[in-house]
Amino acid sequence: TNVRALELSFLFLLVWYYCTLTIRESILKVNGSKIKGWWRLHHFISTAASAVLLIWPLSPSWYEFRPQFMIFNVYISIVQYLQFRYQQGALYRLKALGERHNMDITIEGFHSWMWRGLGFLLPFLYAGYLFQLYLAVTLFRLASNHDAHWQVPVLSILFFVLFLGNTITTSMVIPQKIKENRARRENSKTEDNNHRGKDRKIE
C-alpha cells in the first residue's frame with residue numbers, strides 16, 4: 001500500500017508538471033514566442049498519458065509495465081537535465097554577447113558554436129525517442145492479454161504518437177539549423193567584405 005501511494009503521488013505530480021508546462025507555453029505563445037506547435041501538442045499528449053497512467057488500476061499488466069516505465073522516467077529526467085544545461089549555457093553566452101535580453105528564457109536563432117553542445121545532446125534525445133517506441137510496443141503486446149484494461153491500448157497509441165512526433169520534429173529541425181548556420185556565415189562574410197571595401201575607400 002505504501003508503494004502504491006508513492007506511485008500515485010508520482011503519477012499525480014507528472015500530471016501537474018505537464019499541466020504547468022502547457023499553461024506556461026500558452027502564455028509564452030501569446031507573448032510572441034516562436035515555440036513549435038508540436039512541442040505544445042507534445043505536452044498536451046503527455047498530460048493525457050500521465051492522467052491515463054494515474055487511473056490505471058492494479059493488474060498483472062501494470063506490474064509488468066511498471067519497471068520499464070520507471071526506468072524510462074529516470075532516463076528522461078537525466079535527458080531533461082542535459083537539455084536544461086545546454087539551454088542555460090547557450091542563453092548565458094548570448095546574453096554575454098548582448099544578443100539576448102536578460103528576461104529571455106528561450107533561444108531563437110542558431111549559432112555555429114551551438115553544434116558542440118547539440119551534437120552531444122542529440123544521441124540522448126534519439127535514445128529517449130526509441131525508448132518511447134519500446135514502451136509503445138510493450139503496451140501493444142500487453143493489450144492482447146485477457147486482463148488488460150482500456151488504458152493499455154490507449155497508452156500504446158499515445159507513446160507511439162510521442163515517438164513519431166518527437167523523431168520527425170527533431171529530424172526536421174536539424175537541416176533547418178544547418179541552413180540557418182550557413183546563412184549566418186554568408187551574412188557575416190558579406191558584412192566583412194563591405195567593411196573592408198569601406199576601409200579601402202577611406203585610405
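Analyst: Before we start, contact here means heavy atoms within 4.5 Å. This is a predicted model, where local features need pLDDT of at least 70, side-chain atom pairs count only at pLDDT 80 or more, and totals for chains, interfaces and linings use all residues. Residues are numbered from 1 along each chain as its sequence is written, and side-chain values use heavy atoms, with hydrogens and water left out.

User: Great! Of the contacts between residues at least 6 apart in sequence, what share joins residues at least 24 apart?

Analyst: That share is 74% in this protein.

User: And how many helices and strands are there?

Analyst: The protein has five helices and zero strands, in the order α-α-α-α-α from the N terminus. Helices (H or I, at least four residues) and strands (E, at least two) are DSSP runs, numbered from the N terminus.

User: Switching to His 42, is it buried or exposed?

Analyst: His 42 is buried, because its relative accessibility is 12% and the cut-offs are under 20% relative accessible area for buried, over 50% for exposed, and partly exposed in between (1.4 Å probe, protein chains only). His 42 sits in helix H2.

User: Which residues does His 42 touch, leaving aside neighbours within four places in sequence?

Analyst: His 42 is in contact with Leu 162 and Asn 166.

User: Where is Ala 51?

Analyst: Ala 51 lies in helix H2, which covers residues 37-54. With a relative accessible area of 32%, Ala 51 is partly exposed.

User: How far apart are Ala 51 and Trp 16 in space?

Analyst: Their C-alpha atoms are 9.5 Å apart, while the two residues are 35 residues apart in sequence.

User: Last one: what percentage of the whole protein is buried?

Analyst: Buried residues make up 33% of the 203 residues.
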